[in-house]
Amino acid sequence: IGALALAAAVMAPITASAEIDETFGNTVLSRYPDGGWVKHWFNQDGSYSAEFSDGRRLAARWRVEGERICLNGIRPSFMLISRFCSPLIEASLGQSWVSRDPLGRRVTNVLQPGR
C-alpha cells in the first residue's frame, strides 16, 4: 500500500492557471506533511511528467475537460490507474493552494517559476 500511496500522491495537485499558459515552463510543487514532495510539469504539446522525492518518475498526457484537467495514459504501470481528473485551479506564479490526492491526503501546492 505504501508504494501505491506514493504513486497515487502525484495525482493530487493537478492544476493550471486560468489561461494554463503560466504553467508551461514552470513547476507545480506538491508538499506532503511527512516531508515528501512531487514536482509536476505540464507542456504545451499535451505531455506531462512528474518526479517524486524518492526519484521515481511518471509520464502522461494532459487535457482540459470542462472545469477539470485530466491525465490520460499514466505510466509506468506502478500506477494502478491510467486516468485521473482533478478540478482546474487558477494559480499565478508563487501562489499556493491546498488540495487532496486520490487517497484523500492533504497536500500543499505552489506554482514555482522555472523547471
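Me: If two strands pair when DSSP finds at least two bridges between them, how many bridges join strand 7 to strand 8?
Reply: This is a predicted model, in which local features need pLDDT of at least 70 and side-chain atom pairs count only at pLDDT 80 or more, while totals for chains, interfaces and linings use all residues. Residues are numbered from 1 along each chain as its sequence is written, and side-chain values use heavy atoms, with hydrogens and water left out. Serine 96 has valine 110 in strand 8 as its bridge partner. Strand 7 and strand 8 run antiparallel, and the number of bridges that join them is 5.

Me: In what order do the strands of the open sheet stand?
Reply: Strand 6 and strand 7 (96-100) are the edge strands, since each pairs on one side only. Neighbouring strands of this sheet are turned by 30 degrees against each other on average, direction ignored, an angle that uses axes fitted as lines to C-alpha atoms. The open sheet has 8 strands with antiparallel pairing, and their order is 6-5-4-3-2-1-8-7.

Me: Which residue stands opposite alanine 50?
Reply: Strand 3 (residues 47-52) and strand 4 (residues 57-65) pair in the antiparallel sense over 5 bridges. Opposite alanine 50, the residue in strand 4 is leucine 58.

Me: Which residues of strand 7 make up the uncovered face?
Reply: In a regular strand the side chains alternate between the two faces of the sheet. In strand 7, Trp97 and Ser99 belong to the covered face, whereas the uncovered one consists of Ser96, Val98 and Arg100.

Me: Which cysteine does the disulfide join to cysteine 70?
Reply: A search of the whole structure finds 1 disulfide, which is defined as a pair of cysteine sulfur atoms within 2.5 Å. The pair links distant parts of the chain, strand 5 (residues 68-75) and strand 6 (residues 83-87), with the two cysteines 15 residues apart. The torsion about the S-S bond of cysteine 70 and cysteine 85 is about 110 degrees, so the disulfide is right-handed. With an S to S distance of 2.0 Å, the partner joined to cysteine 70 is cysteine 85.

Me: Is asparagine 109 buried or exposed?
Reply: The place of asparagine 109 is in strand 8 (residues 106-112), and its side chain is joined to that of serine 30 by a polar contact of 2.8 Å, the term standing for a pair of N or O atoms within 3.5 Å, of which, within protein, one must be able to donate a hydrogen and the other to accept it, and residues adjacent in sequence count only if both atoms are side-chain atoms. Buried means under 20% relative accessible area, exposed over 50%, and partly exposed in between (1.4 Å probe, protein chains only). Because its relative accessible area is 0%, asparagine 109 is buried.

Me: Which residue has the backbone nitrogen that the side chain of aspartate 34 reaches?
Reply: Aspartate 34 lies in the loop between strand 1 (27-31) and strand 2 (37-42). With a relative accessible area of 68%, aspartate 34 is exposed. At 2.8 Å, its side chain reaches the backbone nitrogen of glycine 36.

How values were computed:
Helices (H or I, at least four residues) and strands (E, at least two) are DSSP runs, numbered from the N terminus. Two strands pair if DSSP finds at least two bridges between them. Axes are lines fitted to C-alpha atoms, for helices over the stretch in contact, and angles run from 0 to 180 degrees between N-to-C directions.
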